[in-house]
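Here are some notes to read alongside the structure. Please keep the sequence and the 3D view open while going through the points.

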Amino acid sequence: MKFEIINRLGSLIIDLLISIAMPLVIFKNLGFNINISYLYCGVLYIIFLVLLPIITKGYTIGKYLFNLKICSKDETSVSPIQILYREVAKLMYTIPLLGLILIFFSFYLINTTPNNQGIHDIFANTKVIKI
């Protein structure tokens, strides 16, 4: 397995912990209704994984910690619309059963394509680079 995929998985785990898991535990412990907690976590997810990379020109906290950056396929700065397309494309991974197949196929593509692009990267014309 390529070093690339290990870094990307580590980055993803950190980002998901910060944007969903930790807030969900906090909201639950504060006594929020679980449905309201999910709503808040959805908003935090959007802020964290869409707005943060737009503001920071391609970084999330996980990507920053693993020295990774989202950029255009030609390695120029990523545009806000590319970030939005990338995150919208990731919604396909939430489809029951098919999503799991697509996740594994995306990992396969990240591990085997020259630009290490997952399905969502191909859709948005982006890639993740090591800095």
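1. Is Glu75 buried, partly exposed or exposed? Its relative accessible area is 49%, so Glu75 counts as partly exposed; the exposed class begins over 50%. Glu75 sits in the loop between strand 1 and helix 4. Its phi is positive, near 70°, and Glu75 is not a glycine. Most residues other than glycine have a negative phi.

2. A word on confidence. The model is predicted. The average pLDDT of the chain is 92, and 98% of the residues score at least 70. Among the elements, strand 1 (residues 68–72) has the highest mean pLDDT, 97, while helix 2 (residues 34–55) has the lowest, 89. Where pLDDT is low, the predicted coordinates should not be read in detail.

3. Next, the length of helix 2.

4. At its start, a side-chain oxygen of Asn33 comes to within 2.6 Å of the backbone nitrogen of Asn35. After the helix comes Lys57, with a positive phi near 60°. Lys57 is not a glycine, and its place is in the loop between helix 2 and helix 3 (61–65). Lys57 has a relative accessibility of 47% and therefore counts as partly exposed.

5. Which residues of helix 2 are buried? They are Ser37, Cys41, Phe48, Leu49, Val50 and Pro53.

6. In helix 4 the buried residues are Gln82, Ile83, Arg86, Glu87 and Ala89. They cover an arc of only 160° around the axis, so they lie on the same side of helix 4.

7. Why does Arg86 count as buried? Its relative accessibility is 1%, and buried means under 20%. Leaving out residues up to four places away in sequence, Arg86 touches Arg8, Lys63, Ile70, His120, Asp121, Ala124, Thr126 and Val128.

Conventions:
Residues are numbered from 1 along each chain as its sequence is written. This is a predicted model: local features need pLDDT of at least 70, side-chain atom pairs count only at pLDDT 80 or more; totals for chains, interfaces and linings use all residues. Side-chain values use heavy atoms; hydrogens and water are left out. Buried means under 20% relative accessible area, exposed over 50%, partly exposed in between (1.4 Å probe, protein chains only). Contact means heavy atoms within 4.5 Å. pLDDT is the predictor's confidence in each residue, from 0 to 100. Helices (H or I, at least four residues) and strands (E, at least two) are DSSP runs, numbered from the N terminus. A polar contact is a pair of N or O atoms within 3.5 Å; within protein, one must be able to donate a hydrogen and the other to accept it, and residues adjacent in sequence count only if both atoms are side-chain atoms. The arc is that of the directions from the helix axis to the C-beta atoms.
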